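Please keep the sequence and the 3D view at hand while reading.

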Amino acid sequence: MRQPTSIRKRLFYQLAAVAAVLSLAFVLVVRGVASQAAEGTQDDILAASATAIADSLSSEQGEVTLELPYSALSMLGTINEDRVFYRVTVNNETLTGYADLPVTNAPTRLDTPAFSTEIYRGDEVRLTSILRRVSNSATGSKVVVTVAQTRSGLAAITQRITVTATGVGLLFFLLATTLSLLAATSALRPLSRMTGAVTRRGPSDLRPVTEDTPAELAPLVGALNSFMARLRSSLTRTEDLITEAAHRVRTPLATVRTQAEVTHRKLNKPEHKQAIRDMIRAIDESSRSAGQILDHAMVTFRADSLALDPLDLAALITETCDRLAPTADLKDIALLRKLPDGPVPFKGDGIMLQAALHNILDNAIKYSPEDSDITVRIEVNSALHLSITDQGRGFGDMDFESLTTRYARGANVGDVVGSGLGLTIADEVARAHGGRLELSHNKEGQGACVSLILPYV
Amino acid sequence: MRVAYFALRLITALSMWAGAASGFEIEDRQIYNAASESSVLRIISTADRAVFEPIIFAFQQANPGISVDYTITGTTDLMKAIYEENAAFDLAISSAMDLQTKLANDGFARSYLPTNAASLPDWAIWRDQLFAFTQEPAVMVVSDTYFSQGAAPQTRDALIALLRANPEKFRGRIGTYDVRRSGFGYLMATQDSRTSETFWRLMEVMGRLDAQLYCCSGEMIADVASGKLALAYNVLGSYAASELATTDGFQIVELTDFVNVMLRTVLIPSNATNVDDAQAMVDFLTALRTRPDLVAASGLPPVDATALQDNPALRPIRFGPGLLVFLDQLKESKFLRSWENSIVQETP
Ligand SMILES: Nc1ncnc2c1ncn2[C@@H]1O[C@H](COP(=O)(O)OP(=O)(O)OP(=O)(O)O)[C@@H](O)[C@H]1O
Ligand SMILES: [Mg+2]
């Protein structure tokens, strides 16, 4: 998988690269300028020396002669300890100095120093030559004064400047990269602030993002907000649809059922009565199915954004038992509650837990014979065990796994009406709360035991 | 120097060199064997054995196992040996700063940074090739016969005035170096001429008084001490000082207008083979100041910047390409001509 690209890293690398290029340019420019300046200085001193020597040329009895000035050479020794060579030629004959000193760049114009760089006596030397005319005869003599100096002082200066410039450049680079790191971080701060604001939200918080957004992020935030608004209205519509649908389907079915019962009473022919009974059963099944499907949809919907409200399980159980009491009474079934004294606090979605409990109790009543007991128990240890035990037909040897799948009904149902979603709903509620549904046999005889095991969050 | 004294030795030395074609003249050669020899350090030097022997012994004591092969020659011959004949030496010690400078400038010296370089004044090292280890002023020595204690002139101008006022008294009784024969004399004369115009007036006056010309400080000092000379100008101060310890009859005068200070230098020739020992000797010599016993025994005043600060008249001759100027053929011949015109007035 490709590593996600980081804007911060990219920004940092680009700024660092720019800083590196600038630092390098700085070092090269400083070095170039400095070494040029140093070379220029050496050339100037060499030219001054050659000029001083040329100025002390004279003619004596028709011969060119020279009174080498002390300062002409000593001035070359003032700024460094480089080796010095000189040569004076008259009409290409060496008058004095180092006869083997090469003069490759011979000056052609009077008093205009010509420079060149050569290797002489094993060292690189800078040479300056000056051309003079000395009027010792009718034609005059062409005198070339050459002064040369090695360049180790120059190299030392350039080296020193390079080291300093490199140090400064490196420092600049480090400073610039540190600053670009800070800049990248600060430029992206609004983004991380917004990320924080969004991630801190609860699962069902779909309010628009109102944090300060930089101009660049405004379109994104706008799009996000409008998306959330649409999502919110779509979710609201779904919720409305579920409650509405339950109501809209059940009410007409109830009306049809009442009508069918009235009709049933009026009819006399047994085959007609049977037909109406079949119809009533079908209506019951449809009504049951519609209710369970919508309950299931509601549970699924709520599981997506589970609410963790503090609630009292004991109160919840009492309420559910009370609601089912009339149905139980019809069959003379006693609903026994073995609950701890006082409230049983728990954090979860009350509506979902009620749906789960309702379905389990409904099953217990449905699949129990008349005149039996149903026990609701709460045991608290590391998790919360809520079990409902009946004395009915029990699960027999049915596969527990398959009973919790959607629309699965057991072989033991007989003519009991049902859609096969009850345990599915209870199972999903348990899972949404991080727990599970456990099916077992009544340990004290005939019957089934269904438990919700819910961990504390 | 001291040619007669070493005449006998010269013969032995030459016989040892027999077969080796060497154009430079050797005055003396002595080999100081180490008890258990591990290497030989070959030194060519202008310093007499009497001066240098204590240093060699001390060096051998500090570095046992090094035998020292010590060859004595004149300044020009030393230059010739290394510059022209590529003679094999590990160390060259000379009082001729200009010639030593030329050797270093022209690429005949090897670079080295002495271990005690930091404690040496800047002017004592040039190019990391030339190392000064003594500072020796050029002084005037005067005879007790002619000058009572402290009565000698203290400046060149005073000296000129004195000589002009008493030509009969000083005729034939003034000595100085024959700069044509002595490298040290030439160096001092050229530096004098550079420093002040009084030099030429002094030469003029000395020439008129039939100045006696010498090759060496030792003979001049001897003649002053014996009263044969009234004064000798530009004598090597270190010789005069060590001579004064054993000889009476003369005084040393450091003129107060200026005193040129010559630096005795050592360099490692570029063709040296025993570089390690040569470097050890350079370290030893440049640390001479830390060995008062050797200073006393050799009579060589060590490089000492504070001594120069105390007396502003002392002017150490600066290393640098300027020293090459008076080695220029044209310049030298012109200088010698002027000098001869001044001092050798009645050429026979
Ligand atoms: N208390 C019980 N005693 C015996 N069998 C049970 C009990 N509870 C559930 N069952 C078996 O598990 C099956 C699945 O139960 P579930 O509640 O999912 O479906 P249903 O009750 O058949 O239909 P409805 O969705 O209308 O409740 C049942 O059909 C039944 O066979
Ligand atoms: Mg059921």
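This is a predicted model: local features need pLDDT of at least 70, side-chain atom pairs count only at pLDDT 80 or more; totals for chains, interfaces and linings use all residues.

In soluble globular proteins, nonpolar side chains tend to be buried together.

When its neighbours within four places in sequence are set aside, Leu57(A) is in contact with Val64(A), Thr65(A), Leu66(A), Val88(A), Arg132(A), Val134(A), Val143(A) and Val145(A).

## Chain A: overall composition

Chain A contains 10 helices and 14 strands. Its length is 457 residues, of which 41% count as buried. Of the contacts in chain A between residues at least 6 apart in sequence, 63% join residues at least 24 apart.

## Chain A: a helix pair

How do the axes of helices α1 and α3 of chain A cross? Helix α1(A) spans residues 7-55 and helix α3(A) spans residues 152-187; their axes come within 8 Å and cross at roughly 160°. Angles over 145 degrees count as roughly antiparallel, and α1(A) and α3(A) are therefore roughly antiparallel to each other.

The crossing in which α1(A) passes α3(A) is right-handed. The residues of this contact divide into 23 nonpolar, 10 polar and three charged.

## Chain B: overall composition

Chain B has 14 helices and 12 strands. Of its 348 residues, 59% count as buried. Among contacts in chain B with a separation of 6 or more, residues 24 or more positions apart account for 79%.

## Chain B: helix α9 and its surroundings

Helix α9 of chain B covers residues 217-226, and its buried residues are Ser217(B), Met220(B), Ile221(B), Asp223(B), Val224(B) and Ala225(B). These buried residues pack against strands β6, β7 (174-177), β8 (212-214), β9 (231-236) and β10 (250-253), and against helix α10 (237-246), of chain B.

After α9(B) comes Gly227(B), whose phi is positive, near 90°.

## Exposed positions

Which positive phi values occur in residues other than glycine, for example at Asp332(A)? Phi of Asp332(A) is near 55°. Asp332(A) belongs to the loop between α7 (313-330) and β9 (334-338) of chain A. The cut-off for exposed is over 50%, so Asp332(A), at 53% relative accessibility, counts as exposed.

In chain B, Asn86(B) likewise has a positive phi, of about 55°, although it is not a glycine. Asn86(B) sits in the loop between α3 (75-83) and β4 (91-94) of chain B, and its relative accessibility of 53% makes it exposed. Ala296(B), by contrast, is found in a helix, α12 (residues 292-298) of chain B. Ala296(B) counts as exposed, at 63% relative accessibility. The C-alpha atoms of Ala296(B) and Pro54(B) are separated by 9.6 Å, although the two residues lie 242 residues apart along the chain.

Methods. Residues are numbered from 1 along each chain as its sequence is written. Chains are lettered from A and ligands numbered from 1 in the order in which they are written. Side-chain values use heavy atoms; hydrogens and water are left out. Contact means heavy atoms within 4.5 Å. Axes are lines fitted to C-alpha atoms, for helices over the stretch in contact, and angles run from 0 to 180 degrees between N-to-C directions. Helices (H or I, at least four residues) and strands (E, at least two) are DSSP runs, numbered from the N terminus. Angles under 35 degrees count as roughly parallel, over 145 as roughly antiparallel, 65 to 115 as roughly perpendicular and the rest as oblique. A crossing is left-handed if the near helix is turned anticlockwise from the far one by less than a right angle, and right-handed if clockwise. Ala, Val, Leu, Ile, Met, Phe, Trp, Tyr, Cys and Pro count as nonpolar, Asp, Glu, Lys and Arg as charged, and the others, Gly among them, as polar. Buried means under 20% relative accessible area, exposed over 50%, partly exposed in between (1.4 Å probe, protein chains only).
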